[in-house]
Amino acid sequence: MNVLKVSGLTKNFGGLCAVSNVNMELNERELIGLIGPNGAGKTTLFNLLTGVYEPSSGKIELNVDGKMKSIGGLKPYVVTAMGLARTFQNIRLFKSQSVLDNVKIAMHKNIKYGTAAAILRLPKFYAEEERVQHEAEELLKVVHLYDKKDELAKNLPYGEQRRLEIARALATSPKILFLDEPAAGMNPQETAELTELIHKIKEDFNLTVILIEHDMSLVMTICERIYVLDYGKLIAHGNPEEIKNNPRVIEAYLGEEI
Amino acid sequence: MTVFFQQLINGLSLGSIYALIALGYTMVYGIIKLINFAHGDIYMLGAYIGFMAITVLGVGFFPALLIAMVGCAILGVVIERVAYKPLRNATRIAALITAIGVSYFIEAMTQRFMGTNVRAFPNVLSTEVIQFAGLRISYQQIYIFVTTIVLMLILQTIVKKTKVGRAMRAVSVDADAARLMGINVDATISYTFAIGSALAGAAGVLVGIYYNSINPLMGMVPGVKAFIAAVFGGIGIVPGAMFGGFFIGIAEALVSGYGGSLYKDAVVYIILIVILIIKPAGLLGKNVKEKV
Amino acid sequence: MKKMFNKYNLCWILSMIGSYVLLSVLMSAGIIDSVYQTVVTTIIINIILATSLNLIIGITGQFSLGHAGFMCIGAYSAGVMVKQMPSMTGFMLGILIGVIISAIVAMIVAIPTLRLKGDYLAIATLGFGEIIRIVVLNMKITNGAAGLVLPKMLNFPFMYGVLMLCLIVIINFVRSAPGRACISVREDEIASEAMGINTTKYKVYAFIIGAVIASIAGAMYAGNFYVIKPEMFTFNKSIDILVMVVFGGMGSMTGSVIAAIVIGLLNSFLQNFSSVRMIVYGIALVCIMIFRPSGLLGTKEFTFSGIGNFIKKRKEVKK
């Protein structure tokens, strides 16, 4: 059964149609790629799926305990609580906070004490804080940032900031992980390490992953299926081989064949 | 019924003042996204400059008005260069706090040098009143209204038809792009402050004549109300400030006229909150969403 | 229990008790006479106001200029109750009523305005603060512009106790998951929501807690300074509190405490030069924003371990 199903999704901004009639299906434990030229509407699609934008029309359905629930138009924090997590194209870390705190913040929805317990410093507070500390540290170990846990997020080099974003998204205990250009600005060595990391976390955390990327080495290597977007419309869909040889895809990226 | 029309007339005068001050707010906000908290104090300084012009230099209404406008224009430019320019790239809150600091400074300096007491503004305009159909319109009210309309027309001409006006509009939309097109952004911002402050200065002189009294703290409440007027009409939008100013002035006058004078200030604040809830971009404003 | 008495908490408990003892000794020895005691009381109230505003502005990033409105509610709730029931019980009831009213008013204010950003939020809260003041000005029970004349009900130990209580509430909130959530709202609201945090909820929480504590400060004021009038709670008062928060560093609680103390002392020494005081204030605000916008401590806190590290680093550099 699908874990996420998108039907006829459309988003208009005034006169501009950013996403037009998109259909998509994600199945459990799949690694899907979303590619297309700049301005094709890929991030807009992510924003629609994670609740940042409200759809103009169409349906987004998430598999919740066997039933498909419509999540279009729900607020981002609700969507995250239902199991969708994301990273951002332009890194949006909590800059003045430490690496560890960035991860702890993302664990918020699973923290089992409330404001009253916090103010009164009830035993539940201390117990949960210790659990959160431990789990956050474990997540940092997964992305190899444990030794920098007390460093301020803004002081991390670019590649590590991107890894922190991933750790943060993982901290929300997601079922589906949306990665928006995770390899942007990375050299081939870093990209290779990232590819390995994505694979590892997908396996270890039992995730469905969908990523936007321009780096074709990454996409073609790990994606099982690829969706191609151009001017807001889906122009192709298939496995890497099919996409590589699809004339419409080539045209979209390179212009018309001479 | 007479109460209604009388208050409408009173509201037009009050609204003229608010509109003149609101224009300065909206132009500055439009160009550098700053709420110039000190703008109300420029209005106050206009009143004092006009006062000095009349009492010390012995000039009449129009010269005093012009001197005040020029004086305030210069002050506005100086304040911008000294206090706001260094904060062009800072957070909006930092700029707002700086504006608050400038406001305190101006008020305190005026109190130091001119005393904290209320001063009587000399009568340089005729105090005659026209009466018809049970309504009273004073010559002063006509002067205020006509002066305001004339100034607004001049402003509209500047904004729509001159190079400076075009530059102002360009910088409000995208300062960096304007700079790349060869527009001197710093000079344009100074012009904006100059024009906005001149209008506030004019308002100060008009108020001095109308209410016959000035004091160093007179800019606070009208300043906030004029800002509310600018927000109501659509902050950053010139016709919005004009419309907002008259609307707030008339609303306040009507509330006063119908016996609610204790609450007239509260009504203006309530209008602010209502517009911020229903349409924060203001009546004539457009909604701009943040890119994610 | 063992967790509660960890190194961090112990240091702070010791310094709190320490300063209490020091101040009490100085007071009974007459070194801090009745004039200076007024300064101490003012500083205590300032600390409560500054830290509560810092929770809203510095920690959660919501620029509220209406704080004086909540102080007004607290002052008048206590004042009116004390008029009806001139005893400590009456006063305490007044504080409680003030807390309840300000919580309700804060919720009414927060829900429509916290959707707004930056400048708009500032003006909206300023408007609400003024509306509160104008309402109080026009009520019969508050005696309008003439204000209320009240007995001095509170002494130093009580004030200090209330101060400690308020500080503990605020600091415990900040150093916990809800506090972290508020900080994330300040840092990047969009990312915060994406991480599963109901940003509106936490903005409202911070706002209500800040408002309630400001109302307690207002009640403290009413119990100490004999007269309360609506004109004491205009947006100028809100700006006074803002100056303390900015000076100390938006987001730093210890910064607010230090700033409140410094500004309280400065104000009392400059009392005779009141017009100069305002000129200096204005220039100070502009200069701080131009040269050190993060204030004295920025978002960092003054900690004993921080001092320890600082001294260690200096020693290493010297070697």
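What share of the contacts in chain C with a separation of 6 or more comes from residues 24 or more positions apart? The share is 81%, where a contact means heavy atoms within 4.5 Å.

The model is predicted, so that local features need pLDDT of at least 70 and side-chain atom pairs count only at pLDDT 80 or more, while totals for chains, interfaces and linings use all residues. Residues are numbered from 1 along each chain as its sequence is written, chains are lettered from A and ligands numbered from 1 in the order in which they are written, and side-chain values use heavy atoms, with hydrogens and water left out.

Chain C contains 13 helices and two strands; helices (H or I, at least four residues) and strands (E, at least two) are DSSP runs, numbered from the N terminus. Its radius of gyration is 20 Å, close to the 20 Å that the globule rule gives for 319 residues, so chain C is as compact as a globular protein of that length. That radius is taken over C-alpha atoms, and the rule is 2.2 Å times the number of residues to the power 0.38. The C-alpha trace of chain C spans about 70 × 55 × 50 Å along its principal axes. Of its 319 residues, 55% count as buried; buried means under 20% relative accessible area, exposed over 50%, and partly exposed in between, with a 1.4 Å probe and protein chains only. Chain C carries 25 positive and 11 negative charges, whose mean positions are 9 Å apart. Lys and Arg count as positive and Asp and Glu as negative, whereas His and the chain ends are not counted; the place of a charge is NZ of Lys, CZ of Arg, CG of Asp or CD of Glu.

Chain B can be described in the same terms. Eleven helices and four strands are found in chain B. A compact globule of 292 residues would have a radius of gyration near 19 Å, and the 19 Å of chain B agrees with this. The C-alpha trace of chain B extends over about 60 × 45 × 35 Å along its principal axes, and 54% of the 292 residues are buried. In chain B, residues 24 or more positions apart make up 77% of the contacts with a separation of 6 or more. The accessible surface of chain B is about 12300 Å², and carbon and sulfur atoms account for 67% of it. Chain B has 20 positive and 10 negative side chains, with the centres of the two sets 6 Å apart.

In chain C, C:Ser176 sits in the loop between helix H6 (156–174) and H7. C:Ser176 is buried, at a relative accessible area of 0%. Leaving aside residues up to four places away in sequence, C:Ser176 touches A:Tyr113, A:Ala118, A:Arg121 and A:Phe125. Helix H7 of chain C is itself mostly covered, nine of its eleven residues being buried; among them are C:Ala177, C:Pro178, C:Gly179 and C:Arg180.

C:Arg180 forms a salt bridge with A:Glu129, their closest N and O atoms lying 3.1 Å apart. This pair crosses between chains, from helix H5 (residues 123–142) of chain A to helix H7 (residues 177–187) of chain C. Both A:Glu129 and C:Arg180 are buried. A salt bridge is a side-chain nitrogen of Lys or Arg within 4 Å of a carboxyl oxygen of Asp or Glu, and the structure holds 28 of them over all chains.

An α-helix has 3.6 residues a turn, so residues three or four places apart point the same way. A:Glu138 is partly exposed at 34% relative accessible area, and A:Lys141 is partly exposed at 40%.

A salt bridge also joins A:Glu241 and A:Lys244, at 3.6 Å from N to O. They too are three residues apart, in helix H9 (residues 240–244) of chain A. A:Glu241 is partly exposed at 49%, and A:Lys244 is partly exposed at 46%. In chain B, salt bridges that share partners link B:Glu80, B:Arg81, B:Lys85, B:Arg88 and B:Asp186 into one network.

Methods. Accessible areas come from the Shrake-Rupley method with a 1.4 Å probe; for residues, only the protein chains shown count as cover.
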